[in-house]
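Dear colleague,

Please find below the structure that I am handing over to you, followed by an account of what was found in it. I would be grateful if you would read the account with the model open.

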Amino acid sequence: DDRLSPLGILGAALILAAPFGGMPAAFAQVAQPAAPKPPEAPKPTETELEKVLKSGSTRLTGAQIKALQVGNTYYFKARSGNVGAFYTAADGRYALAISGGPVFFGAWKIDGDTFVYSADPKFATPNIVYVVKGKEGIYGHFRARDGLYLDSVVEFKPGNSEKFTFPPPRK
């Protein structure tokens with residue numbers, strides 16, 4: 001069949017019209033309305049850490065953290081409501097007991113102005129926190145990555161006041 005389909009005729013007309021100024025006005029592309037602007041990203045909210053620092057609390061330096069925590073046991077109340085004890089041994093190990101549950105052991109270090117602890121002695125999954133002293137003299141811990149409040153220190157006691165017994169070092 002040598003007949004052209006209606007679409008074939010339209011295509012041929014457009015091809016033939018191109019050298020003579022383009023396609024006929026009837027086939028001109030109608031301007032499309034501008035795409036709506038995407039919604040603006042929400043402005044970042046102030047973190048809990050930023051709020052307490054604005055209220056007059058101070059973030060401790062690495063040296064201050066070491067002097068305060070190393071060789072001592074601190075008792076805390078966590079954000080979740082749990083209470084516990086955290087002993088920071090001078091040899092880089094820690095013991096952590098929460099609300100009568102099992103005792104967790106791991107390694108700690110000071111990195112800049114942060115306290116870093118991990119159940120893994122090679123720090124593959126570290127917990128990095130800032131230590132903050134409130135205006136009232138109460139200390140708190142805030143997660144470094146997002147400023148989330150973790151716990152408030154209720155009391156410090158010198159030494160290993162809970163008598164934690166460390167397991168042999170992992171190799």
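**Salt bridges and their surroundings**

D146 is partly exposed, with a relative accessible area of 32%; here buried means under 20% relative accessible area, exposed over 50%, and partly exposed in between (1.4 Å probe, protein chains only). D146 forms a salt bridge with R143, and their closest N and O atoms are 2.7 Å apart. A salt bridge is taken as a side-chain nitrogen of Lys or Arg within 4 Å of a carboxyl oxygen of Asp or Glu. R143 is partly exposed as well, at a relative accessible area of 22%.

Please note that this is a predicted model, in which local features need pLDDT of at least 70 and side-chain atom pairs count only at pLDDT 80 or more, while totals for chains, interfaces and linings use all residues. Residues are numbered from 1 along each chain as its sequence is written, and side-chain values use heavy atoms, with hydrogens and water left out.

A search of the whole structure finds four salt bridges. One of them joins R79 to E48, with the closest N and O atoms 2.9 Å apart. This pair links distant parts of the chain, since R79 lies in the loop between β2 and β3 and E48 in helix α2 (residues 48–54), 31 residues apart. Both partners are partly exposed: R79 has 46% relative accessibility, and E48 has a relative accessible area of 28%. Another salt bridge is formed by D91 and R93, whose closest N and O atoms are 2.9 Å apart. D91 counts as exposed at 51% relative accessibility, whereas R93 counts as partly exposed at 28%.

**Overall architecture and confidence**

The protein has three helices and nine strands. Helices (H or I, at least four residues) and strands (E, at least two) are DSSP runs, numbered from the N terminus. Along the sequence their order is α-α-β-α-β-β-β-β-β-β-β-β. Of the 171 residues, 29% are buried. The exposed surface comes to about 11600 Å², of which carbon and sulfur atoms supply 60%; accessible areas come from the Shrake-Rupley method with a 1.4 Å probe, and for residues only the protein chains shown count as cover. Among contacts (heavy atoms within 4.5 Å) with a separation of 6 or more, 43% are between residues 24 or more positions apart.

The mean pLDDT (the predictor's confidence in each residue, from 0 to 100) is 82, and 75% of the residues reach 70 or more. Where pLDDT is low, the predicted coordinates should not be read in detail.

**Strand β2 and its partners**

Six of the seven residues of strand β2 (residues 72–78) are buried, so the strand is largely enclosed by the rest of the structure. Strands are said to pair if DSSP finds at least two bridges between them. β2 pairs with β9 in the antiparallel sense over seven bridges, and F76 stands opposite V153 in β9. β2 also pairs with strand β3 (residues 83–88), again antiparallel, over five bridges; here Y74 stands opposite F86 in β3. β2 and β3 form a hairpin with four residues between them, and G81 in the turn has a positive phi of about 100°.

**Helix α3**

Which residues of helix α3 (residues 62–69) are buried? They are G62, I65, L68 and Q69. Seen down the axis of α3, these buried residues fall within an arc of 130°, so they line one face of the helix; the arc is that of the directions from the helix axis to the C-beta atoms. The face turned away from the buried side carries the exposed residues A63 and A67. Just after α3, G71 takes a positive phi of about 85°.

**Backbone angles to check**

Most residues other than glycine have a negative phi, and most peptide bonds are trans. F123, although not a glycine, has a positive phi of about 60°. F123 lies in the loop between β6 (114–118) and β7 (127–133) and counts as buried at 18% relative accessibility. K163 likewise has a positive phi, near 55°, and is not a glycine. K163 is found in the segment after β9 (149–158) and counts as exposed, at 65% relative accessibility.

Yours sincerely
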